[in-house]
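Subject: Structure for you to look at

Hello,

Here is the structure I said I would send. My notes on it follow below.

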Amino acid sequence: MEAADYEVLSVREQLFHEKVRECIISTLLFATLYILCHIALTRFKKPAEFTTADDEDATVNKIALELCTFTLAVALGAVLLLPFSIISNEVLLSLPRNYYIQWLNGSLIHGLWNLVFLFSNLSLIFLMPFAYFFTESEGFAGSRKGVLARVYETVVMLMFLTLLVLGMVWVASAIVDNSKASTESLYDFWEYYLPYLYSCISFLGVLLLLVCTPLGLARMFSVTGKLLVKPRLLEDLEEQLHCSAFEEAALTRRICNPTSCWLPLDMELLHRQVLALQTQRVLLEKRRKASAWQRNLGYPLAMLCLLVLTGASLGQVSFSKLGSFGAVVQVVLIFYLMVSSVVGFYSSPLFWGLRPRWHDTAMTQIIGNCVCLLVLSSALPVFSRTLGLTRLDLLGDFGRFNWLGNFYIVFLYNAAFAGLTTLCLVKTFTAAVRAELIRAFGLDRLPLPVSGFPRASRKTQHQ
């Protein structure tokens, strides 16, 4: 064998080892995300749906839960895509010839973007509809009952849904671009149809982020205020503890002496109210025992950090010129916007019913949460790029969204985001100031007017 053949063989071996290394790293990363998501979903699922007397329903719910775990892992991977790419880019620029980070190359990052794109399409188009129809199916009439009969019905329903979605995308493509080349390109299912369908879903996700993120940015202040201990000037813990103790004592006395009240009492409701008051009193005791540093320094610093992050997300500032520090700021802003969007999503009245409950979330509700979180997370890279939080180009099929290059769409989106965020923040702060003024002047202790009195006075005047 000649020297040239040895060089060709060494190049092939190097490419083979790089592909194997990328597959191992991608598998380990996804396995880690899958385990974390499985632990999270088991904390929210309803145990009664998995321990029923009917083994068939329990098996169906277990399969649907695994599909939801896969979808949630893909959603978490989509959230980590852009931060991982930004940090990897900074590491490669800082240490270009370091031997220990040779595995962190452009091929691995491109592969991760393509895998997330593929799994997102697979989850949104096939897995989540399959999981929903699978949990709702009972098998065709006249067929033998069992899991296999449910699979047959679910596959048929999924085929009809696929045809329906295909027709809707065809009509949407004809409305947007009625050229012959655009219509014929839909025949290419893999190269054009799936990216076009995913771009439509991502566009809906970006619009959902436009509504949820401003609401979440305003809501973050109140959520943080509930988790942290406020200074003595802003709240009176002693008064809250006394009120909680008095209410608990009154309810306990009513439970012990039910005959003292001539009205019928709901004992179960009273017990739940006592447990809620006890939990509230324990939390208030913990907050009262907080140190002066946590009370006088932690809360102002947290509020200041939230103000800085909110202002940075609104201001069109390029952090790429700041080097590694700018990369860290970009990553923090991306995570902050994602958390704010999730908080705003669950705080909105439209999606209030989807909020998961600890050990009391139905299987269909878990499926709905996974779908919504995947739509939000898959739109996060496009959302961050549209707001100008990062200059990093979207890799893979994420960079094929043509509307990102339209100046008018990007400008109107940024203007709408800034306007909605400002409106939500002004409303939140003015409502808080108004509530504090009402409480300071004692107007909250005034008796409420009885609605029957004015009507009675009008009747007497008429008589």
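Please keep in mind that this is a predicted model. I will begin with the chain as a whole. Among its contacts between residues at least 6 apart in sequence, 76% join residues at least 24 apart. The chain has 463 residues, and 37% of them count as buried. Its accessible surface comes to about 27900 Å², with 68% of that belonging to carbon and sulfur atoms.

As for secondary structure, there are 14 helices and 0 strands. The pattern along the sequence is accordingly written α-α-α-α-α-α-α-α-α-α-α-α-α-α.

The rest of my notes concern the second largest pocket. The space in it is about 600 Å³. Its lining is made up of 22 residues, and those that lie nearest the centre of the pocket are Leu-72, Val-342, Tyr-346, Pro-356 and Leu-373.

Which helices each supply at least two residues of that lining? They are α1 (3-44), α2 (55-94), α10 (324-347) and α11 (363-378). The largest share comes from α10, which gives 6 residues.

By residue class, the lining of this pocket divides into 18 nonpolar, 3 polar and 1 charged.

Regards

Methods: Residues are numbered from 1 along each chain as its sequence is written. This is a predicted model: local features need pLDDT of at least 70, side-chain atom pairs count only at pLDDT 80 or more; totals for chains, interfaces and linings use all residues. Side-chain values use heavy atoms; hydrogens and water are left out. On a 1 Å grid over the protein atoms alone, a cavity is a set of points where a 1.4 Å probe fits but cannot get out, and a pocket is an open set with protein on both sides within 12 Å along at least five of seven lines; lining residues have an atom within 4 Å of a point. Grid points are joined across faces, edges and corners, and a volume is the space filled by probe spheres set on the points. Helices (H or I, at least four residues) and strands (E, at least two) are DSSP runs, numbered from the N terminus. Ala, Val, Leu, Ile, Met, Phe, Trp, Tyr, Cys and Pro count as nonpolar, Asp, Glu, Lys and Arg as charged, and the others, Gly among them, as polar. Buried means under 20% relative accessible area, exposed over 50%, partly exposed in between (1.4 Å probe, protein chains only). Contact means heavy atoms within 4.5 Å. Accessible areas come from the Shrake-Rupley method with a 1.4 Å probe; for residues, only the protein chains shown count as cover.
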